[in-house]
Amino acid sequence: MSETHEASVIRERMWMKALRTAGVPLLSVVLAMAIGSIIIAASGKDPVAAFGALLTGAFGTPEKWAIGNFKAIGDTISRATPLIFAGLAVAFGFRANLFNIGANGQLLLGSIAAAGLGLALAGLPSLIAVPLILIGAALAGASWAFIPAILKAKVGAHEVITTMMFSWIGLYLTSWIIAGPLADKTVSSQTPMLPEQVWLPTLDKFLPALLRVPVRAHLGFVIAVALAFLVWWILKRTTLGYSVRAVGYNPLAAQNGGISIGITTVYALCISGALAGLAGASEVLGVQHRMFDEVSAGSGFGFTGIAVALLAKNHPIAVIFAAILFGALSAGSSMMQLVANVPDKIVTIIQALIIFFVGAETIINWLIKRRQKLALEQKGATDVE
Amino acid sequence: MPVLELREITKVFPGVRANDRVSFALERGEIVALLGENGAGKSTLMNVVYGLLGPDGGEVLVDGKPVRIRTPRDAIDLGIGMVHQHFMLVEPLTVTENIILGHEPSRFGVIDFATARAKVSELSARYGLKVDPDARVADLSVGMQQRVEILKALYQGARILILDEPTAVLTPQEVRELFAVVRTLVAEGLSVVLITHKLDEVMGVADRVVVMRDGRVVGETTPGQTDQVGLARMMVGRDVVFRVEKAPAKPAEAVLEVRDLVVLDERKLDALKGVSLTVRAGEVVGIAGVDGNGQRELVEAIVGLRRPKSGSISLRDKDITHASPHATIEAGVSHVPEDRHRRGLVLEFDLAENLVLGDQAGPPYASGGVMHTKVIDETARTRVADYDVRTPSIRVLAGALSGGNQQKLVLARELGRNPDLLIAAQPTRGLDVGAIEFVHKRILAERDSGKAVLLVSMELEEIMSLSDRILVMYEGKVAVEFSAGEADAERIGFFMTGGAKHSGSAATAPKSSVAEAGAL
């Protein structure tokens, strides 16, 4: 077989694979929208108008090119940013076959670290302060995942239970810090405003010529996208990523190859926690510029991150697009309520439906695999034993 | 008139013509062996007969009448029974409960156990299938479980019995007993199809042999008309070397030393009760034994997957008793695990990724935590070529390869590392004749290049043909040691089943059962 032919066959196969992989998530989104339309129509509203408004809210309109569009797209991107971080966090865990369902707790620890460090490092120049804060937030998130990771590695305690429990501890711990040591003197349930030099600047500051209006999208988005590529590279090209994937796919074979399942678990869950911590820091430094008490505010980005990871099938690059979709749905929902008079909760229903269909695909795939396996076993190949 | 006749059966799987116009007839009171390599289409054909697969063409006749068999229930109703390679028994239930499952005799909705038990006992006595009807299946040996499967088919009224690779899991003694039962069955008027790829069985028990290759029937003969060499040629399509030619071993210094090793199993019981053995450079030490007598625990302890309770393991005078799997690999131990899917390969990884498993963390494949894809791919291409792994590319996932190619992949990785000690557990399990030949040659090549080889296998034939010394394990101990020349299947089998222990008197034990350590 000639090398070029082989290469072309492989390339073709990779395309097929990519299509097949992306096909079901895309189909899930379309199906979810379709059912969402039916629900909207059933409640006596016009689905076309509703989705039109949603699109306008998320991406702007063709007529009003420029100003309105930049604001809308900026809004979508700003809402997608924490979801990219959180989606990467959950996806990384999944690659090691770990379900970091408590990413939200690690995210809150990252937020509070960012808020505390932001106030403490007020005197330093931005270029030093911001990286330090981000590193601190990542460490805070990682530390919150560390104990569940150790428990998993040493005694096999399931991470779904332990990270979830730590998520609640994190919620009330940060709530206490916001009410006590870091309380704003004037308004309750929030920390004081951070000094402007530790903010993640909005993107219009970098591209004033192109973006002539202030937008909500901030530098965190660029960091998130860069991080997605970094995570992809780590998984694909480093020994750590190799270990993570090997343990995720087949821990027994990994162990046979000298990879420590315990150490890999600790690394994977802590990295997942660090990414979640960055999600919190990005929100605090880029959007809120302070931290609100999540017990009352409850944004739950960590949980939406699970949905993003599922839709992206744990592929770091796909996480970017899945997060933007969820960001767009969220950004467009208020316009939908305003213009088409459709409650913005319909967006939550659509998000749930997307996850439902993506989940159903796993079931379908499992069934297909099982059938293929049965067929293989019966093919006369007694290879299994 | 044949009791079972197949005409032009065709079954197509995506990309494979598993059965291509296969015709086959079985007479009453006859034992027909369906012989062929793995993947030749034997099991597919019989699964069509048993209603597990629908044919894409052709017809099935029972007693001369065309029938349509859509489900196993249809087959059972027509008097066709099948014993699968993997038993389909409910382990916590008793023998009787398993046998009547699906055909429970009942009175007013309550199972009539008295009738059931009586019928089971009667069948058991009539066909010489001795088994305790009240024993729990989980407590029975594999051979006994197989009897339960056969009884179950008979209970359901089978006149035609299909046995799929029935001897794969049996000891030589159990094989003889099984064949005695099969002869009783045909004497009583039943007809038996024996699916197998073992030539000696065919010669020993079959009345007629139908040979399949690549989904077609390539020939038909009787044991009287041919011999094993002739059968192998028909089956593989070329001449096959049975006993790999090997030069006498030149054992040198001790490489692996195991002393008084005690290892626990999952239930915290002693699986190894003080095992000592030595493997020298340039020799193959074979470990024979029935599955579950401590072989797995021995291997896992040596490669660092299981922590020994006491005793010591050393490799070239370096203590590796408590070494991690990684440290063991570094020390020069390669391990071909008994289950390539569970332990040997990451099926979702491509070939190149699989070929560096175990060496991925250091030079030349990685430095500073970053993997050198180019080096990895180049090595992978070389290994794939050297070990004749049939694949269109190294980017193919390991799970997509056939069993033989997967095993070559594992060998390529483990031997490519150039180890001091090779531990090969069940290295040819589930492989066909051609692949087995390849694996055997490679193992002997390792020996001849001065490596120490520890071979663990359930296949006596394999142990005898490769080993320079043979240890038989029974209940966590080395029961006996033979040197290559003095062992035959009978004597090894005797010790595999605890013969020395249960016979009570040394007089009944075959001669030279005394350990002759290193007597070469």
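Chain B has an average pLDDT of 86, and 94% of its residues score at least 70. The model is predicted, and its scores are ipTM 0.81 and pTM 0.75. The points below treat confidence, a helix pair in chain A, a sheet in chain B, and the setting of one glycine.

**Confidence in chain B**

**A helix pair in chain A**

- The packing of two helices is described by the angle between their axes and by the distance between those axes.
- For helix 8 (residues 239–249) of chain A and helix 10 (residues 261–288) of chain A, the angle is about 110° and the axes are 10 Å apart.
- Angles of 65 to 115 degrees count as roughly perpendicular, and helix 8 of chain A and helix 10 of chain A are therefore roughly perpendicular to each other.
- Helix 8 of chain A contributes L240(A), S243(A), V244(A) and V247(A) to the contact, where they meet I261(A), T264(A), Y267(A) and A268(A) of helix 10 of chain A.
- By type, the residues of this contact comprise six nonpolar, two polar and no charged.

**A sheet in chain B**

- An open sheet of four strands in chain B has the order 2-1-4-5, with antiparallel pairing.
- Strand 2 (16–26) and strand 5 (65–67) of chain B are the edge strands, each pairing on one side only.
- From one strand to the next, the twist averages 30°.
- Strand 1 (residues 4–13) of chain B and strand 4 (residues 57–62) of chain B run antiparallel and are joined by five bridges.
- Opposite L6(B) stands V60(B) in strand 4 of chain B.
- Helix 1 (residues 42–49) of chain B packs on the sheet and touches strand 1, strand 2 and strand 4 of chain B.
- The direction of helix 1 of chain B makes about 115° with that of strand 1 of chain B.

**The setting of G332(B)**

- G332(B) lies in the loop between helix 10 (325–331) and strand 18 (333–336) of chain B.
- G332(B) counts as partly exposed because it has 19 C-beta neighbours inside 10 Å, whereas a buried residue has 20 or more.
- Beyond its neighbours within four places in sequence, G332(B) is in contact with L315(B), P419(B), D420(B) and L421(B).
- V110(B) is 222 residues from G332(B) in sequence and 63 Å from it in space, C-alpha to C-alpha.

Conventions: Residues are numbered from 1 along each chain as its sequence is written. Chains are lettered from A and ligands numbered from 1 in the order in which they are written. This is a predicted model: local features need pLDDT of at least 70, side-chain atom pairs count only at pLDDT 80 or more; totals for chains, interfaces and linings use all residues. pLDDT is the predictor's confidence in each residue, from 0 to 100. Axes are lines fitted to C-alpha atoms, for helices over the stretch in contact, and angles run from 0 to 180 degrees between N-to-C directions. Helices (H or I, at least four residues) and strands (E, at least two) are DSSP runs, numbered from the N terminus. Angles under 35 degrees count as roughly parallel, over 145 as roughly antiparallel, 65 to 115 as roughly perpendicular and the rest as oblique. Two residues are in contact if their C-beta atoms, placed from the backbone, lie within 7 Å. Ala, Val, Leu, Ile, Met, Phe, Trp, Tyr, Cys and Pro count as nonpolar, Asp, Glu, Lys and Arg as charged, and the others, Gly among them, as polar. Two strands pair if DSSP finds at least two bridges between them. A residue is buried if 20 or more other C-beta atoms lie within 10 Å of its own, exposed if 12 or fewer, and partly exposed in between; C-beta atoms are placed from the backbone.
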